[in-house]
Amino acid sequence: MSLAELLKQDFSPEFQFQASRSGGAGGQNVNKVSTKVELRFNVINSVILDEIQKNTLQGKLKNQINSEGELIIVSQEERTQLRNKTVVIKKFYDLLKKALFIPKKRKASEPTFASKMERLKTKKIASIKKVNRRGITF
C-alpha cells in the first residue's frame, strides 16, 4: 500500500484517547476541566499497517514508542478537549507521513557539452602556461 493510500485510511478504530488536566494558561478553568489529550496508537498490533511499515515506524520513532509498542502523542496547546483531540490526530498523521516517506534516489547528471568545453579550454591554457615556463635547452 502506498503512502498516499495509507494516509487516506481511517485509523480512528485503533486510536485510544486519554484526557487529563492540562497545565498552563486557562484561568480557573484549568483546575477543573481535563483538556490535555493523549493519543495512544499500538504500532505492533495495528491491523492497517503491514510488517514493513511497522518496522519502519519502530525504527524511526523509537523514542516516542513505549515498551508495549504504543506510539504516544500529546497535545495541550488548546483550551478545549475537542480542539486538542483534532490537533493530536493531525500530529499523528503528520508524524506517520514523515516517518514513512521514502526520499527519491538522486540520479547523477552528466556535465553539459559547454561545461566540458570550458574545462578543456582551461586545461589547455594551464598546459600552455607550463610549457612557456620551461627554459630553452641548448
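Lys 54 and Glu 51 both lie in helix α2 (residues 51–60), 3 residues apart, about one turn of the helix; helices are DSSP runs of H or I with at least four residues, and strands are runs of E with at least two, numbered from the N terminus. This is a predicted model, in which local features need pLDDT of at least 70 and side-chain atom pairs count only at pLDDT 80 or more, while totals for chains, interfaces and linings use all residues. Residues are numbered from 1 along each chain as its sequence is written, and side-chain values use heavy atoms, with hydrogens and water left out.

**Salt bridges**

- The whole structure holds 6 salt bridges, a salt bridge being a side-chain nitrogen of Lys or Arg within 4 Å of a carboxyl oxygen of Asp or Glu.
- Lys 54 and Glu 51 form one of these, at 3.6 Å from N to O.
- Lys 54 is buried at 9% relative accessible area, whereas Glu 51 is exposed at 52% (buried means under 20%, exposed over 50%, partly exposed in between, with a 1.4 Å probe and protein chains only).
- Arg 40 pairs with Glu 38 in a salt bridge whose closest N and O atoms are 3.1 Å apart.
- Arg 40 is partly exposed at 21%, and Glu 38 is buried at 17%.
- Glu 78 and Arg 83 are joined by a salt bridge of 3.3 Å, N to O.
- Salt bridges with shared partners link Glu 38, Arg 40 and Glu 70 into one network.

**The buried residue Glu 14**

- Glu 14 is located in the loop between α1 (3–8) and β1 (15–20).
- Glu 14 is buried yet has no salt bridge, and the nearest side chain of opposite charge, Lys 54, is 7.8 Å away; Lys and Arg count as positive and Asp and Glu as negative, with His and the chain ends not counted.
- A polar atom of the Glu 14 side chain lies 2.9 Å from the backbone nitrogen of Val 47.
- The backbone nitrogen of Ile 48 lies 3.4 Å from a polar atom of the Glu 14 side chain.
- Leaving aside residues up to four places away in sequence, Glu 14 touches Arg 40, Phe 41, Ser 46, Val 47 and Ile 48 (contact means heavy atoms within 4.5 Å).

**Nonpolar surface patch**

- Phe 113, Met 117 and Leu 120 form a nonpolar patch on the surface, with about 330 Å² of accessible area together.
- Patch residues have over 30% relative accessible area and no salt bridge; like charges are joined within 9 Å, and nonpolar side chains (Val, Leu, Ile, Met, Phe, Trp, Tyr) within 5 Å.
- Accessible areas come from the Shrake-Rupley method with a 1.4 Å probe, and for residues only the protein chains shown count as cover.
- Met 117 belongs to helix α4 (residues 113–133) and is partly exposed at 41% relative accessibility.

Notes:
Polar contact = N/O pair within 3.5 Å; in protein donor to acceptor, adjacent residues only side chain to side chain.
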